[in-house]
Structures are given as structure tokens and as C-alpha cells.
Amino acid sequence: MDYVINTSLVQQHNAVLRADLEADYAALAGTLARRGQDIEKLTTLAQGFQVALPSWGVGTGGTRFARFPGVGEPRNVEEKLADCAVINQLTGATPLVSLHFPWDKPSDPKALFERAKSLGLSFDAVNSNTFQDQAGQAHTYKYGSLTAMSAAAREQAVQHNIECIELGRQLGSKGLTVWVGDGANFPGQSNLRGALERYLDSMRGIYAALPADWLMYIEHKLFEPAFYATTIADWGTSFACAQTLGEKAKCLVDLGHHAPNTNIEMIVARLAQFGKLGGFHFNDSKYGDDDLDSGSIDPFQLFLVFNELADAALRDGPAFKPAYMLDQSHNVTDPIESLMSSAVEVQRAYVQAALVDRIALAGFQEANDVHQAAQTLKRAFRTDVSPILAMARMRSGAAVDPVACYRTVGYRAQKAAERPAKAGASGSGIV
Ligand code: LRH
Ligand code: MN
């Protein structure tokens, strides 16, 4: 395997931090043992955790107002993979990459597959894009894509999704995420039922092209770019469509796609109960689809989502395997640092959820001991599992402190020298 960062630099970094880590680890081991919990089991659990990286997240993002490019931006999919490999090498938790087409369309899929493999990476679900018009495109998506009144625009969007499946198949992916921004800005602009009927008709065409072992992920979003009615605006519509389309259609929950104060963990519980929870786009937000770093605004919500996932895994067994992906936009931080910290925060919520004493919780719920039931969750959330996450990294050959190690090796400065900024160009494809 080609390590992008010299492994001896990572070992040097770990050697300096090892003694303190082992002391913190031993202390936490004692605390957990008094609770009847085995720290080694939790560390093994942490080592097995994986979350996919968004290829579009390693370039600097922006808003409709502006994008302020960083230095050493990746200029093509190969450079995006190299940056993803750095994140995986230092966190040990991100060996999967989710590509977006046509932003990442490879001239030679086989070569890209081999390059990813040599970097220790493989491909998670691929994403189609019918929310932008590409140069030379025959039919515009200005008035929608899969729901457009224009049959030609709908067919064009269906064919694009089928092409994404074909590309993904050659790259070893097993899933297609379909998010469409289709909707209306004004009452009366479109017939709400008609739009959804056209959506389902188009999705049947895409569904029919899915290989037997593939899944299709329907991603709902409350608003933006449509500001009055979005065709797939909420989990209920997504669920109804997934039910209608068939067993290979599942629902994808992007944490930023809900109205403020939505109980997202309950949506997760519902979709899991009905066997339609396909996966996640993890990020955080305070207002809209802010795409901020996971766990940066409301880490308790992230924990509660994983608490529902842990409950579902207990109920549904090993077959319950939702896809975990990050979907973020890094406008003012180094994208690599943000993605590393975000992967660790999602991993943290996963391990904290495993700390919940579910037998005690069920007992308090049974007894309507509301206070103790709530405290049982808070106790797990308040437990600082950082030593477990760091030990998992060290044992996997990753960095005890990924961001500190990344800064020490000076990867960004190196890339700044190698990758002169392309004036005006947006490496990541997002504004
Ligand atoms: C839409 C979305 C979708 C992606 C895009 C980059 O807001 O979450 O998942 O296609 O961001
Ligand atoms: Mn998303």
C-alpha cells in the first residue's frame, strides 16, 4: 500500500504521546470496569468503525456569496483521493470515499479503482448530479430534473443516473445516492402531486438499472435550492417513495436537511423500524443546510442518533448495516483537518452509544423512572472516550492526534507548492 505520509513520521508522533495515552487509557479502564464495562471491547469496536469521506469535501467549499479558496487545493479526482488517503492514514476510520459525478468522472475507471486500492481506499455510494447544468447539456434542469415537465429533461436525468450506476459498478461501489433539488419557489408554480408522480416514474427507470446487489439511497431535504416546495422534502415522502419503488430503495438521512429542532433521532428510529434506513450524510448545522463539521454544534444530537442505531442493531442484528458518510462543506478551515475531526466525532458518538447500560435503561423505562432513564443516556454521553479513540488509532497504525500529526508533517504546505492555485476554478465542484 502507498502511504501518502511517511509512516515513520506517524510512529515518531505516537512515540511522544504513547505514555500519556496509556495513563489516560488505564484510568478510563478503571472507571469503566467499575461500571462492569470492558474497555478492550470498546476499543476493538472503535477500530472497526468506518465512515466514508465525500470527495467534494476535500476542496474548500463556499456559499452563494463567495468561496475563498485555500492553498494546495485538489484539482482532480486523483488529488482528492490522495487527500482522502491522508485522512484515513491518520484517523484509521475513513477507508471509503463517496464520489460525485460528473465532478469526479474518471477518464479511466479501472485505473482510478487501482489507484484507490493502492492508497488503501475503496468506493462507497456514488452520487448523481441533476442540480446543475453541465456544459453542452441538451436540456436544462432549471425547472427540475427527475420531476421536470419536460419529458426530455427527465429522460436525460434518468440516463445520467444510469451512467452513474455503470461508472460506480466499474469502481466497485454498491450504491447510488439520488438527491434532487427539484421543487417550486412559488405556490402554483407546479402541481405538487404531479411532480411526485413524475419523480416516481423517473426513479422507476433508474431502479430498473440497479444491479442485483446494489441499493438506491433517496435523500430528502426540506428546502434549497427550492424555497416553497421541495419534491422530496421530508422522511415521510422519502419513505413512501422507497416503499413504492422496492426493496433496493432506502432512505438516506442528511442531518442538515431538516427544520431546526426536528427530532432527527426519532426519524432514524422510525426508518430503522420499517427497514428503510439506508444511510447517513453526517454534518452539523444551527440554522439550514449549513454542512458544518459533524458534532461541532450539537454533539448530543449526534450521540442520540447513534443511540437509536445501537438500539436498532440490537433488535435487527448484523443485517442492520446503514451506510455512514460525511457530507460537509469546509469554507474557513483546512478541509483535511475538518474531515479528520469530524470522522473522530462520529466515531466518538458510536462508542459513547455502546456505553449506554441498556438493561438499566430498559428497567427505568419499564418503571417510568424518567429521571434515571434520562441520566442513563447522559452518563454515557458525558464519558470522555478520547483515550479509547486514540488507542484504537495507535493500534491501527494511525496517529494518536491526527491534526497535530498532520500539521507536523506539513502536508498542506507541501501541496501548496505542488498544486498551484487555478485562478477562479473551484477544485471541489461545490461553489
Ligand atoms: C444536497 C447534498 C447532497 C449532495 C450535495 C453535495 O444538499 O446534501 O447530498 O449531493 O449536498
Ligand atoms: Mn447530503
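This is a predicted model: local features need pLDDT of at least 70, side-chain atom pairs count only at pLDDT 80 or more; totals for chains, interfaces and linings use all residues.
In strand 2, Val-97 is the bridge partner of Leu-53. Strand 1 and strand 2 (residues 96-98) are joined by 2 bridges and run parallel. They belong to an open sheet of 3 strands, arranged in the order 1-2-3 with parallel pairing. Strand 1 (53-54) and strand 3 (122-123) are the edge strands of this sheet, each pairing on one side only.

Is Ala-52 buried or exposed? Its relative accessibility is 0%, so Ala-52 counts as buried. Which residues touch Ala-52, if its neighbours within four places in sequence are left aside? They are Leu-96, Asp-124, Tyr-324, Met-325 and Leu-326. One of these, Asp-124, is 72 residues from Ala-52 along the chain, yet the C-alpha atoms of the two are separated by 6.7 Å.

The other sheet to follow is an open one of 6 strands, in the order 4-5-7-9-10-11, again with parallel pairing. Its edge strands are strand 4 (126-127) and strand 11 (323-326), and each of them pairs on one side only. Within this sheet, strand 7 (residues 215-219) pairs with strand 9 (residues 249-254) in the parallel sense, over 4 bridges. Glu-219 stands opposite Leu-252 in strand 9. Helix 6 (residues 192-207) packs on the sheet, where it touches strand 5 (175-178), strand 7 and strand 9. The direction of helix 6 makes about 155° with that of strand 7.

Glu-219 leads on to a metal site. Which residues coordinate the manganese ion (ligand 2)? Glu-219 (OE), Asp-254 (OD), His-281 (ND1) and Asp-327 (OD) do, at 2.1 to 2.2 Å. Along the chain, these donors follow the spacing E-x34-D-x26-H-x45-D. His-281 and Asp-327 link distant parts of the chain, being 46 residues apart. His-281 is in strand 10 (residues 277-282), while Asp-327 is in the loop between strand 11 and helix 10 (335-354). His-281 counts as buried because its relative accessibility is 1%, and Asp-327 counts as buried because its relative accessibility is 10%. Why is the arrangement around the manganese ion (ligand 2) octahedral? There are 6 donor atoms, and they subtend angles of 72 to 171°, which makes the arrangement octahedral.

The cysteines are the last topic. A disulfide is a covalent bond between the sulfur atoms of two cysteines. How many disulfides does the model contain? The count comes to 0, taking a disulfide as a pair of cysteine sulfur atoms within 2.5 Å. Cys-251 is buried, with a relative accessible area of 1%. Cys-405 is in no disulfide either, and the nearest cysteine sulfur, that of Cys-84, is 17 Å away. Cys-405 is also buried, with a relative accessible area of 1%.

Terms used. Residues are numbered from 1 along each chain as its sequence is written. Chains are lettered from A and ligands numbered from 1 in the order in which they are written. Side-chain values use heavy atoms; hydrogens and water are left out. Two strands pair if DSSP finds at least two bridges between them. Contact means heavy atoms within 4.5 Å. Axes are lines fitted to C-alpha atoms, for helices over the stretch in contact, and angles run from 0 to 180 degrees between N-to-C directions. Buried means under 20% relative accessible area, exposed over 50%, partly exposed in between (1.4 Å probe, protein chains only). Donors are N, O and S atoms within 2.8 Å of the metal (3.2 Å for Na, K and Ca); water is not among the atoms, so sites may look incomplete. Four donors count as tetrahedral if all angles lie between 85 and 135 degrees; four count as square planar and six as octahedral if opposite donors are over 155 degrees apart and all others between 65 and 115; anything else is irregular.
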